[in-house]
Amino acid sequence: MAKIWDDNFAALVFDKPSEQQWLIERFEMYKKDLEESWAYQRILKEGLEKGLEKGQREALRETLISFLHARYPMLVELAQEQIIGIAEIKRLQEILNTVFSLQTAGEIEEYLLSLHDDATKN
């Protein structure tokens with residue numbers, strides 16, 4: 001098992017294609033053992049969680065932009081600018097819920113502009 005870890009750390013320094021090919025072949029030899037290890041499972045789980053979070057963020061942003069594009073196309077660019085730096089899923093969901101609840105383009109525009117004001121206060 002120690003050999004697998006040596007090979008894993010080798011990936012951090014091997015940058016030539018021939019070295020990388022050798023390393024790929026080594027991984028293939030130990031693939032089953034590696035996949036069953038607790039360390040691999042932990043890395044896999046963390047990767048999946050990050051991927052799911054990224055997907056949720058993208059879905060919330062796309063939902064907001066699609067909604068605005070359909071109803072208030074003049075606000076799409078402003079919304080994109082205001083939400084681009086927001087990474088928290090909970091915050092994006094709050095923004096989406098608020099925009100859905102507002103009645104006019106003016107209200108939505110005012111709210112979107114307030115997002116920038118909120119970000120500069122924090």
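By about how many helical turns are Glu46 and Arg42 separated in helix H3? About one, because the two are 4 residues apart in that helix, which covers residues 38–71. (Helices here are DSSP runs of H or I with at least four residues, strands are E runs of at least two, and both are numbered from the N terminus.)

Before going further, some ground rules. This is a predicted model, in which local features need pLDDT of at least 70, side-chain atom pairs count only at pLDDT 80 or more, and totals for chains, interfaces and linings use all residues. Residues are numbered from 1 along each chain as its sequence is written, and side-chain values use heavy atoms, leaving out hydrogens and water.

Stop 1: Show the side chains of Glu46 and Arg42: they meet in a salt bridge at 3.3 Å, N to O. (That term takes a side-chain nitrogen of Lys or Arg within 4 Å of a carboxyl oxygen of Asp or Glu.) Arg42 is exposed at 52% relative accessible area, while Glu46 is partly exposed at 36%. (Buried means under 20%, exposed over 50%, partly exposed in between, with a 1.4 Å probe and protein chains only.)

Lys45 is exposed at 53%, and Glu49 partly exposed at 38%.

**Stop 2: helix H5.** (pLDDT is the predictor's confidence in each residue, from 0 to 100.) Glu94 and Arg91 form a salt bridge here, closest N to O 3.4 Å, and lie 3 residues apart, about one turn of the helix. Both partners are partly exposed: Glu94 at 36%, Arg91 at 25%. The structure holds 3 salt bridges.

**Stop 3: Leu78.** Go to helix H4, residues 76–83, and pick Leu78. Is Leu78 buried or exposed? Buried, at 16% relative accessible area. Leaving aside residues up to four places away in sequence, Leu78 touches Glu109, Leu112 and Leu113. (Contact means heavy atoms within 4.5 Å.) Glu109 is 31 residues from Leu78 in sequence, yet their C-alpha atoms are 7.9 Å apart.

**Last stop: confidence.** Colour by pLDDT: the chain mean is 86, and 84% of residues reach 70 or more. Where pLDDT is low, the predicted coordinates should not be read in detail.
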